[in-house]
Amino acid sequence: MTNKEQMDRLLSNLPSIKEKIGFDFYGKDNLLIQAFTHSSFAKENTNFADNEHLEFFGDSFLNSYVTSRLFKDFCRFYDDNQLYCEKTVGELSKIRANNVCTENLANCIDALGFQNFILLGRGSENIREESSIKENLCEAIIGAVYAASNKNIEKTYKTCSILLAISNFNENYIEIVDEWCKEHEIRYSFQHLLSYYNQSEYKVRLSVYFQTGLKTYDGIGKSKIEAQLKASEMASEEFNLIDMQTFLPASKITEEESVKLLNQLYSKFDYAFDEPEFQYPKEPDYDNDGNPYWYCLCRVYQKEEKGGGYSKKEAKRRAAFKMLANLLDYKIKEDYDDGL
């Protein structure tokens with residue numbers, strides 16, 4: 001992509017970028033463009049300044065914002081006018097480091113899709129997806145907001161708050177919704193809802209027009225993009241369920257094959273749930289006739305199902321059978337042997 005093509009792409013997306021970070025720039029769009037300008041692009045286009053100074057100041061403000069939040073969230077003054085904190089210094093340092101680390105800030109840029117608009121010099125396209133490049137962009141945006149707002153701390157902190165909230169999303173759920181709906185030829189739309197109860201938050205409704213009818217998912221966040229991400233995350237969980245049910249319909253599930261089927265489901269959808277774990281007690285229980293009776297616990301993240309039988313193998317099968325029903329939202333028939 002030529003320098004002109006990169007610039008045209010960035011310019012056409014500036015309104016969306018400003019909306020996502022919750023700051024208009026008030027006619028100082030050149031500062032936002034500078035935030036996206038890598039040094040390799042600036043060297044080839046001498047009328048453009050790179051983002052390194054904006055990144056420097058943005059990094060400082062981000063650390064300042066996180067420190068102020070730590071003080072607000074965990075520190076208190078009492079009658080003796082001394083400072084008391086719920087966390088140790090080591091714990092505070094860890095929380096701050098986790099918030100401003102490269103991975104966290106890169107996640108933010110991934111969720112926003114901003115890496116696609118970074119201006120790069122010829123031969124530098126291969127660095128677009130590097131975490132450090134995304135981190136620098138995130139910090140440069142904060143620096144640009146500070147400069148464009150005439151050094152307004154409150155507005156700069158608001159941008160820090162929005163970006164850190166978005167950084168908690170490890171996936172771009174909006175993109176996932178878009179790709180899934182296109183693949184299944186399903187329409188969807190976002191609608192911004194008024195949040196009278198809290199003017200500092202946004203509420204967004206995602207409407208998905210399934211063949212079986214309309215379903216809506218509401219998300220609330222400090223920015224429209226955060227609210228959209230939350231709504232999209234809820235929808236993507238349902239999309240995963242639909243895909244898993246299509247892969248493994250209830251009619252194909254039997255207790256006899258349940259362990260194998262559970263492993264197949266995990267192999268296909270390992271991004272949707274954790275690898276199943278099976279645990280047994282050290283000793284079995286005994287029935288009234290003195291026969292050993294085993295229990296097996298199947299655990300998948302926060303889900304647990306327990307099965308029992310006169311052998312470990314039987315107990316494991318039944319636990320896996322129940323877990324399949326749990327994961328796939330199927331109901332086990334009253335007559336257990338009849339299946340799902």
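This is a predicted model: local features need pLDDT of at least 70, side-chain atom pairs count only at pLDDT 80 or more; totals for chains, interfaces and linings use all residues.
1. Start with the largest pocket. Its volume is about 910 Å³. The lining counts 26 residues, and the closest to the pocket centre are Ser-236, Glu-237, Asn-240, Tyr-271 and Ala-272.

2. Which elements give two or more residues to that lining? They are helix H9 (173-183), helix H10 (224-247) and helix H12 (312-328). H10 supplies the largest share, with 8 residues.

3. Now sort the lining of the largest pocket by class. Nonpolar residues number 12. Charged residues number 9, and polar residues number 5.

4. Next, look at the surface. Phe-71, Phe-77 and Leu-83 make up a nonpolar patch there. Together they have about 320 Å² of accessible area.

5. Is Leu-83 buried, exposed or partly exposed? Its relative accessible area is 44%, so it is partly exposed.

6. Check the backbone at Tyr-26. Its phi is positive, about 45°, although the residue is not a glycine. Where does Tyr-26 lie? Find it in the loop between helix H1 (3-21) and helix H2 (29-35).

7. Glu-185 also deserves a look. Its phi is positive, near 55°, and this residue is other than glycine. Glu-185 sits in the loop between H9 and strand S3 (187-193). Why does Glu-185 count as exposed? Its relative accessibility is 76%, and exposed means over 50%.

Definitions and conventions: Residues are numbered from 1 along each chain as its sequence is written. Side-chain values use heavy atoms; hydrogens and water are left out. On a 1 Å grid over the protein atoms alone, a cavity is a set of points where a 1.4 Å probe fits but cannot get out, and a pocket is an open set with protein on both sides within 12 Å along at least five of seven lines; lining residues have an atom within 4 Å of a point. Grid points are joined across faces, edges and corners, and a volume is the space filled by probe spheres set on the points. Helices (H or I, at least four residues) and strands (E, at least two) are DSSP runs, numbered from the N terminus. Ala, Val, Leu, Ile, Met, Phe, Trp, Tyr, Cys and Pro count as nonpolar, Asp, Glu, Lys and Arg as charged, and the others, Gly among them, as polar. Patches are made of residues with over 30% relative accessible area and no salt bridge: like charges are joined within 9 Å, nonpolar side chains (Val, Leu, Ile, Met, Phe, Trp, Tyr) within 5 Å. Accessible areas come from the Shrake-Rupley method with a 1.4 Å probe; for residues, only the protein chains shown count as cover. A salt bridge is a side-chain nitrogen of Lys or Arg within 4 Å of a carboxyl oxygen of Asp or Glu. Buried means under 20% relative accessible area, exposed over 50%, partly exposed in between (1.4 Å probe, protein chains only).
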